[in-house]
Amino acid sequence: MNPVRMFAIALVVLGILGAAYGGFSYTHKTKEAQLGPLSLSVKQRHHVDIPLWAGAGAVVVGGVLLLVTSGPNQTGRGQG
C-alpha cells in the first residue's frame, strides 16, 4: 500500500476520533523528593482538548489525499 494512502487513512481515522471524543487525557508521574528509603511522587493528570474544526479538517485533508492518490494514473494502467 502507498505510504501516502496509509497517512490519509490515519488522518481520517484520527480526525473522526478527535471529533467524536473531543480530546484525550494522560497521567504524568514526577519524582518530587526522596528522603532515605521514603520516596514521594506526584501523579498529574493532563487533558488535551482537540477542537472540532481540527478533527473535521483532518477528515477533509485525509479524504482529499485519498482521492488524489487513488486516481487512474497512479496505478500505471491509464498509459496506453
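## Two helices side by side

Let's start with the helices. Helix α1 (residues 3-21) and helix α2 (residues 52-69) have axes that come within 7 Å and cross at roughly 155°. Angles over 145 degrees count as roughly antiparallel, so α1 and α2 are roughly antiparallel to each other. The crossing in which α1 passes α2 is left-handed.

Which residues of α1 and α2 make the contact? From α1 come Val4, Arg5, Phe7, Ala8, Ile9, Leu11, Val12, Gly15, Ile16 and Ala19. From α2 come Leu52, Gly55, Ala58, Val59, Val61, Gly62, Gly63, Leu65, Leu66 and Thr69. Sorted by kind, the residues of this contact are 14 nonpolar, five polar and one charged.

Now for the strands. Strand β1 (residues 23-35) and strand β2 (residues 38-49) run antiparallel, and twelve bridges join them. To see a pairing for yourself, find Lys31: its bridge partner in β2 is Ser41.

How many residues lie between the strands of the hairpin? There are two, and in this hairpin Gly36 takes a positive phi near 65°.

## How confident is the prediction?

Keep in mind that this is a predicted model. The mean pLDDT of the protein is 85, and 88% of its residues reach 70 or more. Where does confidence come out highest, and where lowest? Helix α2 is highest, at a mean of 93, while β1 is lowest, at 85.

Notes. Residues numbered from 1 in each chain as written. Predicted model: local features only at pLDDT ≥ 70, side-chain atom pairs only at ≥ 80, totals over all residues. Heavy atoms only, no water. Pairing = 2+ DSSP bridges. Helix = DSSP H or I, 4+ residues; strand = E, 2+ residues; numbered from the N terminus. pLDDT = per-residue confidence, 0-100. Axes fitted to C-alpha atoms, helices over the stretch in contact; angles between N-to-C directions. Parallel < 35°, antiparallel > 145°, perpendicular 65-115°, else oblique. Left-handed = near helix turned anticlockwise from the far one by under 90°. Contact = heavy atoms within 4.5 Å. Nonpolar A, V, L, I, M, F, W, Y, C, P; charged D, E, K, R; others polar.
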